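Thanks for coming, everyone. Please have a look at the sequence and the model on the screen, and then I will walk you through one part of the fold.

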Amino acid sequence: MPELVRPSEQHQGSFLAAVREAQATGSGLGDTLAWDPAELEAEFPAFLTHLHRYEPGNALPNGFVYSEVWWLVEGGEYLGRVNIRHTLNERLREFGGHIGYEVRPSARRRGHATRMLRLALARAHALGIERALVTCDVNNLGSRAVIEANSGELEGEFQLAFHPVPIRRYWVPTAPARSVEPVKRTRVH
Ligand SMILES: CC(C)(COP(=O)(O)OP(=O)(O)OC[C@H]1O[C@@H](n2cnc3c(N)ncnc32)[C@H](O)[C@@H]1OP(=O)(O)O)[C@@H](O)C(=O)NCCC(=O)NCCS
């Protein structure tokens, strides 16, 4: 069963394969689009430090909140990543929310994002977040389905001055880890 783990060298090879795979499709994986995979490989310990840079204990740049990154893995294979922001600021309340995620291209449409969000909601609950804000573009049908499968309640659709397409904001109830169970899928038509 896929599980959330902290980013580490244990999954370096699989993560780098996923980065190459994502870059071949023109998308960055975990904000790695700007990184040359060879450089990432050579500088992996520094990259891990970079991933952990917004965690409590570090000095935050102005306007940033504490956040953490988790990787979804199964049988040693990297499947995707989720970011959990510990609090919202004005900007995140508008766009971005508490939780953001992505699944490597070759692992999509297998339920991983649905499970990853559910696991992230359990982590958010442990952090004291009762309802997590999750936002997505209105035309991101995959993300909409993932949020709705996790009982997200739609706040509304919003056109933001700085974003090309309208977004949806959802409030998703969090739950303790023990109630992390599969839920029935709802399809977006
Ligand atoms: C959106 C994303 C996270 C979905 O990941 P995933 O692991 O494929 O999602 P799931 O398998 O849990 O999908 C759940 C349901 O969403 C719907 N869905 C998923 N991808 C879809 C797509 N491209 N188009 C329409 N519906 C889609 C389906 O109903 C799917 O269930 P089904 O496969 O049984 O039909 C993934 O496509 C991705 O990483 N995209 C790029 C980054 C991104 O958009 N992140 C979210 C930002 S808000």
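Let me begin with β3 and β4, which pair in the antiparallel sense over five bridges, where pairing requires that DSSP finds at least two bridges between two strands, and where strands (E, at least two residues) and helices (H or I, at least four) are DSSP runs numbered from the N terminus. Please keep in mind that this is a predicted model, in which local features need pLDDT of at least 70 and side-chain atom pairs count only at pLDDT 80 or more, while totals for chains, interfaces and linings use all residues. Residues are numbered from 1 along each chain as its sequence is written, and side-chain values use heavy atoms, with hydrogens and water left out.

How well covered is β4? Five of its five residues are buried, buried meaning under 20% relative accessible area, as against exposed at over 50% and partly exposed in between, with a 1.4 Å probe and protein chains only. Both faces are covered, with Ile99, Tyr101 and Val103 on one side and Gly100 and Glu102 on the other.

Moving to the other neighbour of β3, we find that eight bridges join β2 to β3 (residues 77–85), and that these two strands run antiparallel. Trp70 stands opposite Val82 in β3, and in the hairpin of β2 and β3, which has two residues between the strands, Gly75 takes a positive phi near 55°. Strand β2 (residues 67–74) is mostly covered, since seven of its eight residues are buried.

Strand β1 (residues 3–5) pairs with β2 in the antiparallel sense over three bridges; here Glu3 stands opposite Val73, and Val5 has Trp71 as its bridge partner. Taken together, these strands form an open sheet of four, in the order β1-β2-β3-β4, with antiparallel pairing. Its edge strands are β1 and β4, each of which pairs on one side only.

Let me turn now to the packing. The largest nonpolar core has 25 residues, and those with the most contacts inside it are Leu4, Val82, Ile99, Tyr101, Met116, Leu117 and Ile147; such a core is a set of buried Ala, Val, Leu, Ile, Met, Phe, Trp, Tyr and Cys residues joined through side-chain atoms within 4.5 Å. The helix α5 gives the most to this core, with seven residues. Leaving aside neighbours within four places in sequence, Val82 is in contact (heavy atoms within 4.5 Å) with residues including Leu4, Trp70, Ile99, Tyr101 and Met116. There is also a second, separate core of 16 residues, which includes Ala18, Val19, Phe44 and Tyr78.

I would like to finish with one glycine, Gly96, which is found in the loop between α4 (90–94) and β4 (99–103). Is Gly96 buried or exposed? Gly96 is buried, because its relative accessible area is 17%. Not counting residues up to four places away in sequence, Gly96 touches Arg85 and Thr135. Gly96 and Cys136, finally, are 40 residues apart in sequence and 7.8 Å apart in space, C-alpha to C-alpha.
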